[in-house]
Amino acid sequence: MNASWRFAAPPGFPARLAADLARALGDKGCVHGSVPTGTDARNQGLTPLPVQSLDEVVQGLDGGAFEVAGWPAQDLGRRPGRVAVAALTATDIGTWTDEAPAPGTGRWALLTRADAAERRAALRALDIRERCGLVALIGCPADPGLISVRARRYLELADVVFHDRNLPPSVVHELGDRATDVGKEGWGEQTSTAEIHRRLLEASEAGKLVVRLHGGDPLIFGHLEEHLQFLRAWQIPCDLVPALTAAQIAAAHGFTALTRRDAVRRLVVMSGHDADRADALPPPPPEGHGLAVYMPTRGAPALARRLAEAGWPPTTPVLAAQRLGEDEEHLDPLTLADLETAELERPAVLLVGHRPLAEPPYTLFVGTGAERFLRWGPLIEFPVVDLMDEPADGRRKAVGEAWADAVGVIFTSQRSVAAFLSSLPSERDLRDLHGKALLTVGLSAERALAQAGLRADGQARSDGSVGWAGRPRPGVYLYAGSDQPPEARRERGWAGEGVRIRPLVLYRNQPTPERALPRRPFRRVLFTSSRQVEVYFDRYPEEAGAEREWLCVGPSTRRALEVRGLHGREVGVGVVRDLP
């Protein structure tokens, strides 16, 4: 290495960057210029040797007049291959406008000869590319249950998420204060693409894992190409995770196919946003084609006219999917003639040439833990009661105070098993259950105990009577579960067999905010507790006269339906297995 390194830059090279450069070189050598050397140089920075053009920089590096040169990154243009960019500094742009700045604006490039590996290594600490966080461009489908595993991982680990406006509310809620709305809305308030890019760049250069979360699949009618071009131009690492697109979800919810061997052999994805423009591309002919039309709400009449001009008959079926993923989602079977006067709700997608092939057999699931009831679906998840855990410290204290006097524990559900085991005082473990009787109400609680390596000593009778299968040890039992007590008749029956209960509240039944029933058609409703029955019919009394099948879990839930003059069909609970 040279005894000293000389540095050159044009007028205006920032003093703070000069100081950073001196600190980066440190004891590797002194930097010549019109400043002191050694420690003073590292503290005060340096004044570079003046250069006026990029050609002068290249000639100076080639001829050995200096070893390092600074030059504005946006002005590098084409340079000889013998000159290398050893580092790019962090971006410093005073004011961004709606027009995107040229790539590299606000950055300085530190240049060396391409064969100066040692010098490039010394300057690596100043290279913003070494510290930039990854930007993940992710699609979010209208149905949050269809978010990919890879997308979920990014969302869980992201430091900041810049998201569209048309996302499922549950997804935004899960993000908490990491979420920033940068959404665009047709003919409404918008965040400019340049502003979104500024935020992506700023967060990435701060070393954060950044997610740009698109509503729907960003590969279809999104701003994906602009994002990719920007990130590439600014040398920001990125990843791309697609999503199921609205046309696929609309077809799935409508129980239809996007292609059919006998009639629809080509699927055309098109925008209805500009259907009324004179220069809009003409639609394809109807023979062998199906259409997925995005953003059709304002242009539906013009679209209908253009399709008619292309030979599509007025009786052509159209499946209008509106507000996908929301409680207000509805899929209306129309015809092309209907589009002339249809009032579509945003967001919407039209499937032209498609009609539902089956009656949607949905079940409205009003409980929690839907994964245990998939066999009774397809489910529309619409909880009317949330189960809110008591604070962990309070649960542990309650268990500890009642533990010595208890003969055993009565578990009421799979959740009660998990909540109780997590509430054992910190100095206890499963060995402390030795000598305690473990009783269960319902098959799900028995299975949950078995999954934890425990065996139930007795089960509540499943025939609707109040006793126990087997002869449980008499005494006081902790009744582990929610704040809803057991039925009075059941508690009296247990007491007759010597089983007295002491409530142990591990979680509470909290009614969810009231909202209108989903607009998607459903023919069955599934309840998992009597409390859900109570809340559901208090909110929607007209449902008592609806032609539906009422599914329920457990005899107490069935009796809650019978009190209202409804016949409940008891169903089983599935086993939830841990996936690898």
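How many salt bridges does the count come to? The answer is 31 salt bridges, and since this is a predicted model, take that as a count on the model.

Start with the open sheet of 5 strands, which runs in the order 12-13-16-14-15 with mixed pairing. Strand 12 and strand 15 (330-335) sit at the edges with a single partner strand each, so one side of each has no neighbour in the sheet. From one strand to the next, the twist averages 20°. Further in, strand 13 and strand 16 pair up in the antiparallel sense over 4 bridges, and Tyr294 stands opposite Val349 in strand 16. Helix 9 (residues 246-253) packs on this sheet, where it touches strand 13, strand 14 (317-322), strand 15 and strand 16. Its direction makes about 70° with that of strand 16.

Now find helix 10 (residues 300-309), where Ala300, Ala302, Leu303, Ala304 and Leu307 are buried. The buried residues of this helix pack against strand 12, strand 13 (289-294) and strand 16 (348-352).

Back at strand 12 (residues 266-271), have a look at Leu267.

On to the salt bridges. Side chains of opposite charge can pair when their charged atoms come close. In one of them, Glu195 meets Arg198, with the closest N and O atoms 2.7 Å apart. Both sit in helix 7 (residues 193-205), and because they are 3 residues apart, about one helical turn separates them. Residues three or four places apart in an α-helix point the same way, because there are 3.6 residues a turn.

Other pairs reach across the sequence. Glu345 bridges to Arg323, with closest N and O atoms 3.4 Å apart. Glu345 is in the loop between strand 15 and strand 16 while Arg323 is in the loop between strand 14 and strand 15, so the pair ties together parts 22 residues apart in sequence. These two also belong to a salt-bridge network with Glu326, Glu328 and Arg519.

Finally, Arg508 pairs with Glu390 at 3.0 Å between the closest N and O atoms. Arg508 lies in strand 26 (residues 507-511) and Glu390 in the loop between strand 19 (385-389) and helix 11 (392-403), so this bridge ties together parts 118 residues apart in sequence. Arg508 is partly exposed at 37% relative accessibility, and Glu390 is partly exposed at 23%.

Methods
Residues are numbered from 1 along each chain as its sequence is written. This is a predicted model: local features need pLDDT of at least 70, side-chain atom pairs count only at pLDDT 80 or more; totals for chains, interfaces and linings use all residues. Side-chain values use heavy atoms; hydrogens and water are left out. Helices (H or I, at least four residues) and strands (E, at least two) are DSSP runs, numbered from the N terminus. Buried means under 20% relative accessible area, exposed over 50%, partly exposed in between (1.4 Å probe, protein chains only). Contact means heavy atoms within 4.5 Å. Two strands pair if DSSP finds at least two bridges between them. Axes are lines fitted to C-alpha atoms, for helices over the stretch in contact, and angles run from 0 to 180 degrees between N-to-C directions. A salt bridge is a side-chain nitrogen of Lys or Arg within 4 Å of a carboxyl oxygen of Asp or Glu.
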